[in-house]
Amino acid sequence: MKVLVVGGGGREHALIRKIKESKKVDSIACCPGNGGISYDADCYNVSATDIEGVVNLAKEIKADFVVVAPDDPLVAGMVDALNEAGFPTFGPTANAAIIEGSKVFSKDLMLKYNIPTAEYKVFDKAEDVIEYIKEKNEFPTVIKADGLALGKGVIIPESFDEAVAGVKEIMEDKIFGASGNNVVVEEFLTGPEVSVLAFTDGKCVKPMVSSMDHKRALDGDKGLNTGGMGTVSPNPYYTDDIAKECMDKIFIPTIEAMNKEGRTFKGCLYFGLMITPKGPKVIEYNCRFGDPETQVVLPRLKTDIMDIFEAINNETLDDLDIQWSDEACTCVIMASGGYPKSYPKGIEISGLSEGQLEGVTVYHAGTAINDDKLVTSGGRVLGVTALGRDLSEALEKSYKAVNEISFDGAHYRKDIGQRALNALKN
């Protein structure tokens with residue numbers, strides 16, 4: 001098979017590395033890809049959001065299967081266009097991808113079908129939001145832009161003044177564009193967070209191994225929210241009992257709710273969960289593999305990923321026994337100085353040699369090749385990932401590799417996995 005992967009970040013690199021292991025695959029193409037991906041796939045300069053361009057590329061290279069990884073093209077209907085052109089595709093159609101494309105839709109869905117989530121209200125006028133927050137006078141509170149915002153459309157103000165400033169940024173200054181036309185204001189939930197990705201063909205749902213993300217830019221969960229500074233798998237807070245409760249009250253009900261709404265979801269559904277004192281609740285859904293959760297989940301997958309993708313496409317997922325490794329996996333993101341705000345690009349990366357440490361894989365998120373040199377080209381640059389017998393061993397390997405890699409201004413958190421290690425001790 002020839003497989004085309006749409007996207008160009010760390011998640012796509014992790015998918016490509018896993019697809020490369022498949023006995024069914026002869027060659028992999030990627031659009032647009034990045035510097036590191038170009039070592040593993042043929043990269044084509046077609047934007048991940050160019051639906052017509054991607055369909056034409058799939059025709060040109062005679063792709064046998066297409067994997068659409070990022071949220072924007074999924075929400076815009078790329079899978080619909082590829083299916084119409086006759087290409088078997090992994091990813092939800094636009095009417096199912098709305099589960100991530102609109103926070104208002106997903107919150108209303110959960111309310112309608114009794115899926116546990118935070119209490120909320122929806123607004124389309126900034127003054128009404130501010131009035132509501134003033135009346136409630138409960139902080140911290142959570143304010144979410146309705147649409148896609150590169151994983152950054154959530155603010156958690158600690159005071160009324162912060163809330164007013166945040167609402168102004170989202171709804172008046174439009175820092176997320178039209179995504180901020182409506183906002184959701186939610187109660188602030190407390191408890192450990194868990195990310196669970198799940199394969200589904202619309203009839204059955206098969207959760208992957210759990211993971212824990214680290215969203216804040218700085219150690220100790222301080223600083224700005226980012227797209228993710230690192231991940232570990234498994235998540236020690238996700239016990240067998242919690243997993244069963246999530247399956248019964250969240251995962252299956254969500255798939256059934258989407259079917260009842262005429263929005264059958266096929267692909268990878270991401271459940272962002274909070275284990276509250278009242279049980280697990282949904283913080284958010286994503287309509288695709290999470291980034292950087294994918295970088296710690298897929299290395300633990302033992303089953304041929306193309307068998308899974310084909311089973312989802314053929315709606316025969318229930319017949320497949322998906323196997324996972326018992327090892328732990330950790331990913332430390334090396335980011336550009338200044339991320340998640342403005343940062344320089346084009347800085348040479350050194351110390352990166354493939355196979356430098358056993359059990360370590362470096363996924364490229366924001367790299368480019370410039371005059372035969374590997375340089376930075378994004379905010380999150382590399383995902384330094386390691387497998388180990390347990391969390392401690394995997395973390396040791398990840399950080400040892402991080403210390404061998406360098407570029408000017410490189411920034412990474414030094415406490416990835418500490419919360420998980422503390423939970424294991426307790």
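Helices (H or I, at least four residues) and strands (E, at least two) are taken here as DSSP runs, numbered from the N terminus. The structure is a predicted model, so local features need pLDDT of at least 70 and side-chain atom pairs count only at pLDDT 80 or more, while totals for chains, interfaces and linings use all residues. Residues are numbered from 1 along each chain as its sequence is written, and side-chain values use heavy atoms, with hydrogens and water left out.

To start with a loop: Ser342 sits between strand S18 (328-335) and strand S19 (360-364). Ser342 counts as exposed because its relative accessibility is 65%, where exposed means over 50% relative accessible area, buried under 20%, and partly exposed in between (1.4 Å probe, protein chains only). The C-alpha atom of Ser342 lies 8.2 Å from that of Gly379, with 37 residues separating the two along the chain.

Next come the charge pairs. Side chains of opposite charge can pair when their charged atoms come close. The structure holds 22 salt bridges, each being a side-chain nitrogen of Lys or Arg within 4 Å of a carboxyl oxygen of Asp or Glu. One of these joins Asp40 to Arg17, at 2.9 Å from N to O. This pair ties together distant parts of the chain, 23 residues apart: Asp40 belongs to the loop between strand S2 (27-32) and strand S3 (42-43), and Arg17 to helix H1 (residues 10-20). Both Asp40 and Arg17 are buried.

Another bridge runs between Glu310 and Lys24, whose closest N and O atoms are 2.6 Å apart. Here, too, distant parts of the chain are linked, with Glu310 in helix H11 (residues 305-314) and Lys24 in the loop between H1 and S2, 286 residues apart. Glu310 is partly exposed because its relative accessibility is 23%, and Lys24 is partly exposed at 32%. Arg389 and Glu393 also meet in a salt bridge, at 2.5 Å from N to O; Arg389 is exposed, with 70% relative accessibility. Elsewhere, salt bridges connect Asp221, Arg413, Asp415 and Arg419 into a network.

Glu127 is located in helix H7 and counts as exposed because its relative accessible area is 52%.
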